[in-house]
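Student: I would like to go through this chain by numbers. Please show it first.

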Amino acid sequence: MLHFMRKHAKFFYIFFFLIIISFVFFYVGPVDRNSNTILVEIGNSKIYLDEYWKTYDRLRDFYRDIYKDRFDDKLEKKLDLKDKALEMLLDERLLAMKARQMGLAVSDKELQEAIMNEPAFMREGVFRRNIYLRTLQLNRLTPRNYENSKRQELLINKMRSIIEDAATLTPEDISDFKGNNEFLKTFKNALLADKRQKLLRSYIETLKKRFDVTVHRDLLS
């Protein structure tokens, strides 16, 4: 499985980028890990050490669930979870900052629709306010904190969509491939996802150069 995940790392990155956002919003990790220590500075924006550890702990738990008894310190090192968690948090913050710089925003209506369509808050296909409030309570979140985080998530998704929608397939991309319609459809979707991911990665690397980014990696040693 490790070989497969390495081989298809560009596709897994998209998946993990999405789940990291939900980790930040729903996971309440240790509260005694230098909560006021700054790990990353991006202009006037900061990522604190406790944010990083919450994300790292949840990512590690995710892989532990996948690998079960095979998950150990050696595998964790091969997966490079520390760098992966840092990269994803940094990417998220850069995209959010750029989105605001461009004047993007999430309306109250968009936020409400997203919350009411969240499966975790639904029963029999209908949003239940009591389930919504109970879920937040169990995760030690107030509605205001959750809604602010959800708004941020939606903003980042808007920014990602703008970037990825610029990627298109050209006739040259598929000219050498033959097959039935089902095969070609699957191949086109995979190829387009690959191009979108590369474009997103390239854009984020550009943002790193445009913003004044300082990472205190010594704090993770």
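Student: What is the accessible surface of the chain, and what share belongs to carbon and sulfur atoms?

Tutor: This is a predicted model: local features need pLDDT of at least 70, side-chain atom pairs count only at pLDDT 80 or more, and totals for chains, interfaces and linings use all residues. Residues are numbered from 1 along each chain as its sequence is written, and side-chain values use heavy atoms, without hydrogens and water. Accessible areas come from the Shrake-Rupley method with a 1.4 Å probe; for residues, only the protein chains shown count as cover. The chain total is about 13400 Å², and the share of carbon and sulfur atoms is 50%.

Student: What percentage of the 221 residues is buried?

Tutor: Buried means under 20% relative accessible area, exposed over 50%, and partly exposed in between (1.4 Å probe, protein chains only). By that cut-off, the buried part of the 221 residues is 36%.

Student: Which strands pair with β1?

Tutor: Strands (E, at least two residues) and helices (H or I, at least four) are DSSP runs, numbered from the N terminus. Two strands pair if DSSP finds at least two bridges between them. Strand β1 (residues 38-42) has 4 bridges to β2 (residues 45-48), antiparallel. β1 also has 3 bridges to β5 (residues 213-215), again antiparallel, so by the pairing rule the partners are β2 and β5.

Student: Which residue in the hairpin of β1 and β2 takes a positive phi?

Tutor: The hairpin has 2 residues between the strands. The phi near 65° belongs to G43.

Student: How far apart are the end C-alpha atoms of α3?

Tutor: The expected span is 1.5 Å times one less than the number of residues. Helix α3 (residues 49-67) has 19 residues, so it should span 27 Å. The model agrees: the distance is 27 Å.

Student: Is K208 buried, partly exposed or exposed, and what is its relative accessible area?

Tutor: K208 is found in helix α10 (residues 181-210). K208 is partly exposed, because its relative accessible area is 24%.

Student: Which side chain makes a polar contact with that of K208?

Tutor: A polar contact is a pair of N or O atoms within 3.5 Å; within protein, one must be able to donate a hydrogen and the other to accept it, and residues adjacent in sequence count only if both atoms are side-chain atoms. At 3.3 Å, the partner of K208 is E205.
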